Amino acid sequence: MATRQQTQTEAPPAEAPSKPDSLTVTDNRTGRTYELEVTDGTVRAMDLRQIKVDDDDFGLMAYDPAFTNTASCRSAITYIDGDAGILEHRGYSIESLCGHATYLEVAYLLIFGELPTKPQLERWTYDVTHHTFVHEDIKKFLEGFRYDSHPMGMLLASVGALSTFYPDAKQIDDPEERYMAAIRLIAKMPTLAAFAYRHNQGLPYVYPDNELSYAGNFLAMMFNMNERQYRPDPRLERALDVLFILHADHEQNCSTNAVRGVGSSQVDPYSAVTAGVAALYGPLHGGANEAVLRMLRRIETPENVPEFLEGVKRREERLMGFGHRVYKNYDPRARIIRKSVDEVIEATADNPLVDIASELEKRALDDEFFTERKLYPNVDFYSGLIYEALGIPTTMFTVVFAIPRTAGWIAQWMELNDDSEQKIARPRQVYTGERDRKYMPMSKREGPEKIIGPPARRPKRPRRGA
Ligand code: ACO
């Protein structure tokens, strides 16, 4: 990286500075001018720190709640052009990966940067397949949950618990430990997810079947009742594998940022990935697919769609599965999923919710309220319909999202650990509270009589930020 040089002068220069890749800023508080290097379309926030009104000043900071315009890392994993609706992993378009690759191939690509050769993929698949079993104590641990526990809560706890089974994973700079953590997390996530489901159902856990594909094995662990050799419908197995590819990574989203933020403390990868699972649980992130299905059920019929959309415009409702922080165009993943919906419905039974979703999409894309705000269907608008057609209950949707996203979290975690520019993530704040107050003994305190306790009604949470 080029050495950065900033010059300070007392007054703004008459002419533009000579360095083409730079930004000249004038601090109108002091009249001083600074030249900041521009690299890859960014200025370094730390370069602002030199801008001070006097020597005692801390220096200028960037204020960016929700990181809407802050690049937190340099990454070579996933490229998104939100305006053009482009998504690429390691340079390969999502369309070509979904058209040709398997999920495990894409997981390898994300983590190691290249598509695997035949022997590489065979070894990778063998290693993942042979680490799908979880320690029997994990089963006991899961049995401690209440019968109606949300499976995402169970997944969160059990992924966190994995760190206690593999204490050597703390050696995050050891390549072998890293490889084993990647294999174990990718291999065990479907097992933990399926066990959480079976626990909810009061059904015995089904152990992994090494003869099946990654997606097929997950379906078997979910749905096998007493078949000696459960064999999933290949159309459904492929549809699920495509869904896994579509959810494998999505650059610096909320959960990946959580994995990187927690991972920056150099905690073990199981704990870092647990942070990602927690972030994914929220309705504005991975929980959206669950919210979409609830919304479609509430709408009941395509005839009720116009009235529902009026409610959205009056801001009484939110059109779940629409809108995205990055895509201001049709989410390319939603386009691929839309095609799969028809194929899956053909292989299963008709679902009246598909008609409601189609009507919602048609009307919203024809309505200025949504087009002006560039609100288009995102990946979650249709994914829930596929999960439902596969027989996966609504509460499991986010869990099924977490399975493939694990590859992305690991790839990002590995990149973080290899990045010499990264340190422990620790944002700054703009302090808005009181200062220098004198401690007041209880007997001298005055104030309103009102006793603070839980409010009578829960206040509505603002639904902003991704
Ligand atoms: N329904 C109705 N209005 C919406 C929606 C929506 N789904 N999304 C955004 N808007 C409106 C906002 O009210 C705002 O309008 P205003 O400017 O008049 O106030 C405008 O569009 C911009 O929205 P923001 O909330 O500023 O957009 P932001 O980038 O912060 O939020 C988010 C993105 C959280 C995804 C949002 O679009 C949303 O809540 N969508 C529904 C939830 C969802 O589907 N999440 C899944 C995302 S994909 C994923 O995580 C895998």
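This is a predicted model: local features need pLDDT of at least 70, side-chain atom pairs count only at pLDDT 80 or more; totals for chains, interfaces and linings use all residues.
Figure 1. Leaving aside residues up to four places away in sequence, Glu290 touches His150, Thr394, Thr395, Phe397 and Thr398.

**Figure 2. Packing of helix 2 against helix 17.** The view shows helix 2 (residues 103-112) and helix 17 (residues 397-418), whose axes lie 8 Å apart at an angle of about 15°. Helix 2 is therefore roughly parallel to helix 17, since angles under 35 degrees fall in that class. The crossing of the two helices is right-handed. Helix 2 contributes Tyr103, Ala107, Leu110 and Ile111 to the contact, and helix 17 contributes Ile403, Pro404, Ala407, Gly408, Ile410, Ala411 and Met414. By class, the residues of this contact comprise ten nonpolar and one polar, with no charged residue.

**Figure 3. Crossing of helix 4 and helix 5.** Helix 4 is formed by residues 136-143 and helix 5 by residues 151-165; their axes come within 11 Å and cross at roughly 145°. The crossing of helix 4 with helix 5 is right-handed. On the side of helix 4, the residues in contact are Asp137, Ile138, Phe141 and Leu142. These meet Met154, Ala157, Ser158, Ala161, Leu162 and Phe165 of helix 5. Eight residues of the contact between helix 4 and helix 5 are nonpolar, one is polar and one is charged.

**Figure 4. Contact between helix 7 and helix 8.** Helix 7 (residues 214-223) packs on helix 8 (residues 234-246) at an angle of about 110°, with 8 Å between the axes. The two helices are therefore roughly perpendicular to each other, as angles of 65 to 115 degrees are classed in this way. Helix 7 and helix 8 cross in the right-handed sense. The contact involves Tyr214, Ala215, Gly216, Phe218 and Leu219 of helix 7, together with Leu236, Glu237, Leu240, Asp241 and Phe244 of helix 8. Seven of the residues in the contact of helix 7 with helix 8 are nonpolar, one is polar and two are charged.

**Figure 5. The hairpin of strand 2 and strand 3, with Leu36.** Strand 2 (residues 22-27) pairs with strand 3 in the antiparallel sense over six bridges. Thr24 stands opposite Glu35 of strand 3. Four residues lie between the strands of this hairpin, in which Gly31 adopts a positive phi near 80°. Strand 3 covers residues 32-37 and includes Leu36. With a relative accessibility of 1%, Leu36 counts as buried. Strand 3 is itself mostly covered, five of its six residues being buried. The C-alpha atoms of Leu36 and Val25 are separated by 7.8 Å, although these residues are eleven places apart along the chain.

Figure 6. Strand 4 is joined by four bridges to strand 5 (residues 86-89), and the two run antiparallel. Ile80 stands opposite Leu87 of strand 5.

Terms used: Residues are numbered from 1 along each chain as its sequence is written. Side-chain values use heavy atoms; hydrogens and water are left out. Axes are lines fitted to C-alpha atoms, for helices over the stretch in contact, and angles run from 0 to 180 degrees between N-to-C directions. Angles under 35 degrees count as roughly parallel, over 145 as roughly antiparallel, 65 to 115 as roughly perpendicular and the rest as oblique. A crossing is left-handed if the near helix is turned anticlockwise from the far one by less than a right angle, and right-handed if clockwise. Contact means heavy atoms within 4.5 Å. Ala, Val, Leu, Ile, Met, Phe, Trp, Tyr, Cys and Pro count as nonpolar, Asp, Glu, Lys and Arg as charged, and the others, Gly among them, as polar. Two strands pair if DSSP finds at least two bridges between them. Buried means under 20% relative accessible area, exposed over 50%, partly exposed in between (1.4 Å probe, protein chains only).
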